[in-house]
Every structure is written in structure tokens, then in C-alpha cells.
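The points are grouped by topic.

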Amino acid sequence: MVNCGLLTPKNKPVPLKSIEVDLQVKGHVATVSSTLHYVNEEENPLEAVFVLPMPAEAALCHFSAKIADQEIVAKVQEREKAREEYDDAIASGNQAFLLEESEDSADVFRLSVGSLPPRQSAAVTFIYVTELSVQADHALRFCLPAVLNPRYSPSGTGGGIVSEVTSTPAGIPYSLSLTAHVASPNPITKVESKCPLEPLTFLNADHTNAKLSLCAGHMFDRDVELFLYYQNPHQPTAIVETGEPTAQPGSLMGDPVVMLSLYPEFPAALRSCVSSCGEFVFVMDRSASMGCNMHRGTTQKRIESARETLLLLLKSLPLGCYFNIYSFGSHYDSFFPRSGEYTQETMDQAVERVKEMHANMGGTEILQPLKHIYSQQCIPNHPRQVFMFTDGEVCNTKQVLSLVRSNADSHRCFSFGIGEGVSTALITGMAREGRGHAQFITGTDRMQPKVMQSLHYALHPAVVGITEEWNVPKGMSVSGLSPPITALFQGDRALIYAQLKGENQSADSEGTITVKYRLVDQEVTSTLSFSLKPAENTGLSIHRLAARSLIRSLEWEEQKEGAEKEEVKAKVVELSVQAGVSSSHTAFIAIHKGSGEAVKGPLLRRRIPTVGCMINRKSMTQRDEHAFKNVGASKDNLLELISLQKASGCWEMNNALVDVFGRTEEEVVKQTPAKVEKGVWATVLALIWLHGFKMDAQVEWQLVAIKAVTWIRNQKVVSLSECVRVGNGLLGCQVNEEDLGI
């Protein structure tokens, strides 16, 4: 990936000198305070423009500027009014600051620092609150975005704020310092990062409070990710937060708000239900940006990793399903005119075409292939599952999400963001609107484990008929602030926000929420009881996240056909101003009254580069270095073994297979147990090898193994125990027959 941002004219020094970040984590919620230090080193008044990446789910709730010893706290206003005030201020010689969300994508903001006199310094601070996402290994992920990729604008679109991002080969001339305090109801077991960290310091004996920081001198040239590990991560939690004392009772900010974190546990009998039906549509980004390196320290391209992942997916599909593969860039095409049945012949055809896929299709136009997919008639009894792979660099995010939402009843969408700088608004939005699941592949992450986790989700029957029932003490009522839950997956978190109205008569009283849903025609009920006693020291973080959730719902409602747009917009502006959080219709504006003299001479505009991500091998962290050494060679044999499997689930005995085992075909064939077919022998050996040598990558081959076990069972082999015994001896393993599942 190249450095991303906006070039400074004539390569003059930019005014941004450093960024300081204070991170406060409480359970699943992070409050992020960032201070940007500016200095105008020009001989003329200056307007600095900085395009900021930000998590799409974040609630931006504070913006202030400090000039000399005076601090100006911004207020939230309707966007156009704020812009007018900003223009008037800088034209009058006053200093002004404007922070606004992109109209096209909720994960991009523009900060305008206006009319800084020569040699003047300023510090601007913005604070946002965000939910931490749950990873496959149960870690909570915090990401401070640094990289903002140039967003591709399809012809006929304006691009707005995101179109102001361009590529620059220059380095990033500012540094980052970050300090984090982590508090959890359960003990903190560890914190990991792909950036160098100072040692974790525990602040109490039970390890529920800790402090950490980035190593000094960190250049903000990549996303900063922290992975937080707590004990009992799947324990449901509830946080009740008291309202703002000065806010009107009965309003969102005046009443208590509750945030519930639920982890559905499906009945054991239903967890093993894996469907052999389905229409699987894989949509692969082949734009030029997919030719960038997968991560620092490796030469593997994103498109190369995507090809390997598609191969794994093709081998893992069940017989009897239907599938198709789309490629897109400036145009799109598909392997088959319409989804075809998964057979040995169609799988072989697809595998050969996957090998020829390159990042050679120009720009990134996602909308058109999706329209074509949704125009295809669904196949009866084969639910459609769309898998979207992209580095997410588009300007028309809201159009794409609107299309996915309008077709949500006919499919589930699983989205994968590849590389740093990917649009979180696009990736999380597609999964949310398509009732699926989102994954991000960044740093040294391998794509295959995350994609296979999503395929597991897709192969399980969809949860339907989800309802919520609240029970609170007499005199109280509940008003939901979250959109209805439309998707639940085993062990995956669901967050619910609600406003608690009325008076709580007892400090010890409790409320309950019951979530009901149907899975494989079975009714499932899950109930969580929670204390109505407000938590301490949460500030208004839960209120602001809840307000952000409600604002997003209103913004989506505004885009519907027949919506009363002006009425909905007015609601958004009112709620945004009341809660002090950003929206697509408001902006933060701060004005510092200066001399009041009109600007003399030209007002220079300086574009401050967002960050790039080209670093050399020497600057890799120990975690990066370890991952770099283990990507490729240690996994090649696994991919080779999987590539040799037939669509039915069996393996054939040949030189390529025995090479994976590190044996010759002669010695393997020689030890074939009596009355055992070569195909059975080859398949049993493949299963033993997977269990004996690749248990650390089980999520990648689990579905492949299920197909193999099903095939073996259908062969009615009478000497399986002998096969396993001899196979263990041949391969040097000690795998039990029960572990193989045959």
C-alpha cells in the first residue's frame, strides 16, 4: 500500500506536529481522546485541512481547540449553518475550527483549522466513544485508524470529503503517543498489539485494572490495534448509566440508559447442524489496489491471498449446493451465467479460473455486480449467501448499503475488509444490513481462518423470528434505542441499548430481557437479569453510543422511498445537538475571536497527509517478525493437501499427496491394509495427517475433514481401526480413531 493523504503544495512542512491519544477502556466500551498539535510555519495566514479516518460505529462527542492559554469548546450545529459560520469567521480574521462527517461514508471526517496567523500554534482535541469488536479468539479489538486509502469514485459521483484523499509518496511528519487505561469486571489476562508496547502494568491485585502505552517515538504510519483478553469473555453483561443531571427528565440524555452485551449459546443439538444446501456467491475485488502487499514484511499480494482463500472455500463447500464467483473492478464478470450445482466438474473449472485471477480490473465499482446478483432468481431451498472480499475503497458507501438492505430478505451477506485503510463503514455496514458477519484482515492476519469462520456461520441455519421482551418494576418502562436484532451467531456478541423511563423505587431492583428466536424449527429462549443500579464513573459514554445508534437508524430511515426526509432530518439534528454527538446533518464548530481584522493577502490551504504504511523490515515488531516467518512455508503443505481433495470429500493416491506426507508412493501403497481401496487409504491418511500436524489450523480444514469423514462412512469400510493404526505408524502420529470421527 502507498502512503495515503493529501499532498502539501511544493512539499512544504505541514502544520501538524504530533498527536497525543488517551484511551480509557471499560469492559466493551472505549473512550478515545486525541489531541492534535499544529504550528503555522508559513509567512502567511493558513487554513489546514486534515481528513481523519474514524471507526464507523464511533460516537464523536467532543471537539475543542486551545490557542495560547484559551480553550474554545465546539458546539454541535446543523451542518450548513456551521459551514457558514466557519467561512464568515475566517473571512473576518478570526480563528475557526470545523469538524464534519463525510456525507458518503460514516468513517471519514474532515477537520478544517482556519486562519492561523504566521508562527501561531494551536491544539485541537476530539473525543469519541466506540464499542470494541469481538474476535474469533474472544479478544476485544481496539483500532485507532491511521491509514485512509484513496476512495474510488464511480463515474457520475462527486466523491465529497473522501475524494480529497490522494496518494503521496512522502513520509508522515508527525508522531503519535498513546496511553491506555483498561478496566474490566473480569480479570485482564493479557494485551497484545502489532505495534511495540511498553510492558503491561496492573494497577490492582485482582488484575481488573491495567495501564499500557506505545513505545516512545512511534510514527503514526499504520493502524494501531490493541487486542484485549479478559477472563470469561462470553459472560453476558449489563451496564446502567444514569442520565445527565441538567438534561430534561424523560429525554434520552435525562433518563438512565442500559447497554446489554449478549452472547447467544445455541442448544448443543443445534450447533452441529450443518446444511448441505445453499447458494454461495463469492464476490472478489480485482481492482488495482488488490495488487498491494497483504501486509508489511511480506511480498504476498492481497489478490494472491484471496486466490488461496477462494481455493479453500471451493474445497469446503458441500456436495449438492450451488455456487458462483464474481470478479469486479471498473466492470464485472462471473464464472457462470448463473449459479451452478457444485460437482467435481464445476469445482475443477472454478479452481482453474481462480488461478488466473489478477488485480487487473481497474477501479472499485461494487454497486453493479451486486445489482446483477440480486436480480438473479433465488434457487428454491438453497438460501443465498454472498461473500464479499474487498479492500473497501469506494465513495458511494451509502448507495451500496442501501442496496444490500433492500435485498436483505433474500440473502445473507458476509463481508471481508482486506488491508489497512479499509472502509469500516462499508464492511460492517454490508454485514449488518445483510444479516451476516464482518471480518477485517489487517497486519499479519491470515485471511483463511477468518473466512472459514464465516463459512461455518453461513452453513448453519439462519436464526429467524428474533424478538425482545423487557420486564422492569412497576412505574418504569423501556424504550428501545437499537435497531431490531436481525442476525445471531453462536458465541457472537449482540449489543442492545434501551432508555429506562419512569422512577426506580428501590436501589436493589432488577430488570430482565428475554430474547426469543427460532433455529431449525425449534424455539429458543435466553433471559438475562440485570441490576437497575447505575454503574459508577461511566460518564455519558453509554448514552452517547445509544444516541449514535438511534441517529444511525434515523439516517437509514431517511433514505427509504417515501420517507418524510425533512421531518427525519429535523429529528436527527435535534438528537445530535441534544446528545452532543456527530451525525451526517451536523458539524462541530468552534470560533476564537481574534483581532477582527479581515485577512490580508492570500489564505493558504495546506492538505495534511493521512498516513501511509510502507516501512522496512527492520521496523517490524517481534509479533510481526514471527508471523512473517510463519506465513507461507508452514502453511503450504496444508493448502496443497486441501487442493488435492475431490468434491466428494475423498483423496486419490498419487505422488502429489504422498509428497505432502513426506513419503514415497511406493512405501505408502505397500502398507495399504488388506481389502482397503486406495482412495479410502489415501483419505484416512489425509485425515490422520491433518489431526497429527495441523491442529493449530483446524478452523481452516474442519469442513474439508467433515466431507472426508462423510465420504468414508458411505464406503462401509470394515477395517477402519487397522487403517488408523497403520496410518499412525506410517506418518509418525498418535491420533485416536474417535478423534477422526470415522
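Is His437 buried or exposed? His437 is buried, because its relative accessible area is 10%, where buried means under 20% relative accessible area, exposed over 50% and partly exposed in between, with a 1.4 Å probe and protein chains only. The model is predicted, so that local features need pLDDT of at least 70 and side-chain atom pairs count only at pLDDT 80 or more, while totals for chains, interfaces and linings use all residues. Residues are numbered from 1 along each chain as its sequence is written, and side-chain values use heavy atoms, with hydrogens and water left out.

- His437 lies in the loop that runs between helix H7 (424–433) and strand E27 (438–441); helices (H or I, at least four residues) and strands (E, at least two) are DSSP runs, numbered from the N terminus.
- When neighbours within four places in sequence are left aside, the residues in contact (heavy atoms within 4.5 Å) with His437 are Cys413, Phe414, Ser415, Ala431, Gln453, Ser454, Tyr457, Phe489 and Asp492.

- Helix H3 (residues 302–316) packs on H16 at an angle of about 30 degrees, with the axes 8 Å apart; axes are lines fitted to C-alpha atoms, for helices over the stretch in contact, and angles run from 0 to 180 degrees between N-to-C directions.
- H3 and H16 are therefore roughly parallel to each other, given that angles under 35 degrees count as roughly parallel, over 145 as roughly antiparallel, 65 to 115 as roughly perpendicular and the rest as oblique.
- Leu312, Lys315 and Ser316 of H3 make this contact with Glu700, Leu703, Val704 and Lys707 of H16.
- The axes of H3 and helix H4 (residues 344–354) come within 10 Å and cross at roughly 175 degrees, which makes H3 roughly antiparallel to H4.
- On the H3 side, Arg307, Leu310, Leu311, Leu314 and Lys315 meet Met347, Ala350, Val351 and Val354 in H4.

**Helix H17**
- Helix H17 (residues 720–731) has 12 residues and reaches 16 Å from its first C-alpha to its last, close to the 16 Å expected at 1.5 Å a residue, the expected span being 1.5 Å times one less than the number of residues.
- Leu720, Cys723, Val724, Val726, Gly727, Asn728, Leu730 and Leu731 are the buried residues of H17, and their cover includes helix H13 (655–661), helix H14 (665–670), helix H15 (678–693), helix H16 (698–714) and helix H18 (737–740).
- Gly732, which follows H17, has a positive phi near 75 degrees.
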